[in-house]
Amino acid sequence: MADAEQSLVNGVTNLSVNGNEKSKESVDEFAKGWGFQLPELYKLAVRFYKEKNGKALKLKYQDKLRLVAYTKQATYGKYRNDVSPEVGFLDVVGNDRRQAWQALGDMSQTTAMAEFVKQLDSLCPLFRPFTEAHNAEKQEQERKRHEEEDRLRREAEEKERRRLEEEAQQQLELQKQKQLEQEMQIRAALNQQTAVQFAQYAQQQCPNNKQQQEELIRQLQEQHYQQYMQQVYQQQLMHQQQQYQQMQQQAGNTAPAPPSQPAPPSQQMESPPTQQPASQPTEVASTPPQANSVTPNGTEGTTEKRQEGEGQVAPPALLMPASVWTRKDIQSFKDSVKHCQENVIKIGSLATATVRVPTHEDGTCLFWEFATDYYDIGFGVYFEWTIAPSTTVSVTVSESSDEEEFDEEQDPKNDVEQGTKKEDRPPTDEIIPVYRRDCHEEVYCGSHAYPGQGVYLLKFDNSYSLWRSKTLYYRVYYSR
């Protein structure tokens, strides 16, 4: 009996020496060599030991004591009486396991896990193929999971793209329908005013021929409509020219020659007629006004040179009003935008963000969508008549909306050394004035038909907020 106790003490002593040795492999080395992190590999090793013990795995008594001691140390840490059950004097196995656990001393739980894995690997050659098979299965599951995520992401992107295209197409159709209705209202009002006069004139020109009279009346009505729209356009163009001249005068330039007057498209009307048409049908039946030929950038197709200088475009085009609407799916919109960091802007208090969107040569209409978190923000749209060097969308955040005006006020005209600075900024038209929008409650959307070549300025104004910064989610795109 004394010999058995001495042998047991020697076994436990040897266990203490081996258990207090530091593991030579770090956690990263385990992940590299085994394909698993140490905690996951340890759980896999314990599972293998429980399943194979006594079957494919036959160990000596001292080896089992070591493995059981490592599991206790990895689970509870240093030996404690409160987690170790009481054992009787004649319970040899229980006493041996307690002494083996006590022999590990202050060994860390991580070291105990590592020692358990290394000990099991050295005692059983089947353990490593077991882990390799599980590692291969894990990698296959990861691969399938990534493939499924990519497939779902592509399907979501394709669905969102189709939805946006359908929504853009619907908006274009609604806009065309609205323009057509406006044109029909204007034509009906004009035809009602001139019905008697045109009928009398047609009767005089084509007596006893009803078909020719109807054809002549249609021609007169068409010419009258074109003449009226030309008058409306001239009035609006005159107003734009006055604004343009005021901008040039403020910039220190002499008043330039007014830009040429291209004829407006027949669908560019905004309101029913408010002035009386020509009173004599003979005036209406005269040759209708001819439209000046225009180039894509909005200038006349003649040989006269541009007054604004290189890189600028004269603003002769009649700006159509923008179409705006809202929708309620604000959370889904944010989720679809936030994965692209370029479409999420942090606007600080007293700051203003300007998104510059150049017109695209393949596009005819600009669309925008935006929303914010928790609070509203000011929003407006402007159009700058300039030729952008590229179609890249850029974002500028200024600390104050009055920053540019402050720079303009500091005119160094009295500084002899610096000289005077001649401002040559391109003309800019207001499409939507800046107002505060409740875009934290719903998504604000809008569209605008290209008036010509230039740059859209989407201004997001937070200058009224003294303390709160705003997170803006936005998206812009064009339609063909």
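Over how many bridges do β2 and strand β10 pair? They pair over four bridges, in the antiparallel sense.

This is a predicted model, in which local features need pLDDT of at least 70, side-chain atom pairs count only at pLDDT 80 or more, and totals for chains, interfaces and linings use all residues. Residues are numbered from 1 along each chain as its sequence is written, and side-chain values use heavy atoms, with hydrogens and water left out.

**View 1. Five strands form an open sheet.** The order is β1-β8-β4-β10-β2, and the pairing is antiparallel. Strands (E, at least two residues) and helices (H or I, at least four) are DSSP runs, numbered from the N terminus. Two strands pair if DSSP finds at least two bridges between them. β1 (323–327) and β2 (344–347) stand at the edges with a single partner strand each, so one side of each has no neighbour in the sheet. The twist averages 25 degrees from one strand to the next. Look at isoleucine 345: its bridge partner in β10 is leucine 472.

**View 2. Helix α10 (residues 330–338) packs on the sheet.** α10 touches β1, β2, β4 (365–372), β8 (443–449) and β10. Contact means heavy atoms within 4.5 Å. The direction of α10 makes about 80 degrees with that of β10. Axes are lines fitted to C-alpha atoms, for helices over the stretch in contact, and angles run from 0 to 180 degrees between N-to-C directions.

**View 3. Strand β3 (residues 352–358) is mostly covered.** β3 pairs with strand β6 (residues 394–398) in the antiparallel sense over five bridges. Here threonine 352 stands opposite serine 398. Seven bridges join β3 to strand β9 (residues 455–461), also antiparallel. Alanine 353 stands opposite phenylalanine 460 in β9.

**View 4. The largest nonpolar core has 30 residues.** Such a core is a set of buried Ala, Val, Leu, Ile, Met, Phe, Trp, Tyr and Cys residues joined through side-chain atoms within 4.5 Å. Tyr49, Phe116, Leu120 and Phe127 have the most contacts inside this core. α3 gives the most to this core, with eight residues. Buried residues of α3 include Leu41, Ala45, Phe48 and Tyr49. Leucine 120 touches Ala45, Phe48 and Tyr49, among others. A second, separate core of 24 residues includes Ile345, Phe383, Ile431 and Leu458.

Conventions: Buried < 20%, exposed > 50% of the residue type's maximum accessible area, 1.4 Å probe, protein only. Lists of a residue's contacts leave out its neighbours within four places in sequence.
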